[in-house]
Amino acid sequence: MSTCLLFWAMLLDATLGEPRWLWDRVPHPAVLMGRLITWCDFRFNKGRRTEGVLVVASLVLGAGALGCLIAALPFGWLWSILGGAMLLAQKSLVTHVQAAGDALRLSVGEGRRVVAMIVGRDTSDMDGPAVARAAIESAAENFSDGVVAPAFWFLIGGLPGILIYKVVNTADSMIGYRTPRHEAFGWAAARLDDVLNWIPARLTAALIALAFWSGRAADVIRSDARLHRSPNAGWPEAAMAGVLDIALSGPRRYHGELRDYPWVNASGNHDVGSDEVDGSVRVLWRVWGVSAGLALLLALF
């Protein structure tokens with residue numbers, strides 16, 4: 001049953017994305033999650049892990065209970081499809097990545113402005129290849145976090161599963177940073193997000209390599225995925241780098257500080273631009289198609 005619902009949720013998300021006529025009028029579920037997490041941060045953050053653990057546990061239990069309640073309503077299958085579609089991000093992801101590539105064609109400055117909307121690193125001194133790499137890395141990482149992982153947890157746990165994943169992922173993106181304010185309070189959110197993304201990140205890498213039947217991608221995954229600072233993000237990035245034969249990651253700035261991260265697929269092309277960003281969008285659609293096809297086959301058999 002979950003595989004059939006997942007297929008239709010994926011199809012609906014890829015077709016409609018996040019229609020502005022709806023989300024300009026009512027808040028998106030992710031926005032509501034963000035507001036709740038902001039309130040929890042303000043109300044309970046005392047700079048200790050204990051409160052952070054309790055907040056994350058409460059968010060997980062609340063999201064799971066809400067998902068069970070909605071799925072138990074009349075026409076629960078329909079609400080599950082709609083909820084799943086709202087919490088998947090294929091269409092919105094490719095729209096944002098393509099916008100960065102299109103902006104880079106106009107000028108490096110325009111590319112910096114647009115890519116700043118989807119990455120957390122400093123963009124003010126980026127050259128063209130750095131802008132392109134940032135967009136492509138965002139495409140790979142967010143395909144794992146925004147499409148494969150929520151689909152995986154929907155498949156495992158239905159609407160409660162995807163709601164739990166999404167609230168943890170949202171909490172990690174808001175409080176899961178090693179800053180003086182959040183290093184202790186956000187510890188539980190960051191660690192649980194790592195756990196929930198462990199399988200999906202590796203599954204994403206496998207899907208990218210299989211979709212292109214790419215031995216090169218498999219080689220880069222084996223050699224470079226673990227070089228990444230994140231326990232999970234390196235897997236889809238390594239696969240994307242291998243398929244496109246480009247170098248990703250490498251040095252970049254955060255809050256004015258240069259961080260000398262290692263290259264992923266260092267022997268790949270470093271002089272990347274809008275064409276490679278376009279290529280990453282094609283990768284996203286091809287792998288989405290393979291994933292949706294697998295969901296349909298599982299539903300049928």
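**Charges and fold**

A: This is a predicted model. The protein chain carries 27 positive and 27 negative side chains, and the centres of the two sets lie 5 Å apart.

Q: How many salt bridges does the structure hold?

A: It holds 13 salt bridges. One of them pairs D41 with R181, with the closest N and O atoms 3.3 Å apart. D41 sits in helix α3, and R181 in the loop between α8 and α9, 140 residues apart.

Q: D41, buried or exposed?

A: D41 is buried, at 11% relative accessible area. R181 is partly exposed, at 42%.

Q: OK, what about R105 and D278, how far apart are the closest N and O atoms?

A: They are 2.4 Å apart, in a salt bridge. R105 lies in helix α6 and D278 in helix α12, so the pair ties together parts 173 residues apart in sequence. D278 is buried, with a relative accessible area of 14%.

Q: Which residues are joined into one network there?

A: D102, R105, D275 and D278, through salt bridges that share partners. D275 and R105 meet at 3.1 Å, N to O. D275 counts as exposed, at 54% relative accessibility, and R105 as partly exposed, at 43%.

Q: Switching to the fold. How many helices and strands?

A: The protein chain has 12 helices and 4 strands.

Q: What radius of gyration does the chain have?

A: It has 19 Å, which agrees with the value near 19 Å for a compact globule of 301 residues. Buried residues make up 51% of the chain.

Methods. Residues numbered from 1 in each chain as written. Predicted model: local features only at pLDDT ≥ 70, side-chain atom pairs only at ≥ 80, totals over all residues. Heavy atoms only, no water. Helix = DSSP H or I, 4+ residues; strand = E, 2+ residues; numbered from the N terminus. Rg over C-alpha atoms; globule rule 2.2 N^0.38 Å. Buried < 20%, exposed > 50% of the residue type's maximum accessible area, 1.4 Å probe, protein only. Lys, Arg positive; Asp, Glu negative; His and termini not counted. Charge placed at Lys NZ, Arg CZ, Asp CG, Glu CD. Salt bridge = Lys/Arg side-chain N within 4 Å of Asp/Glu carboxyl O.
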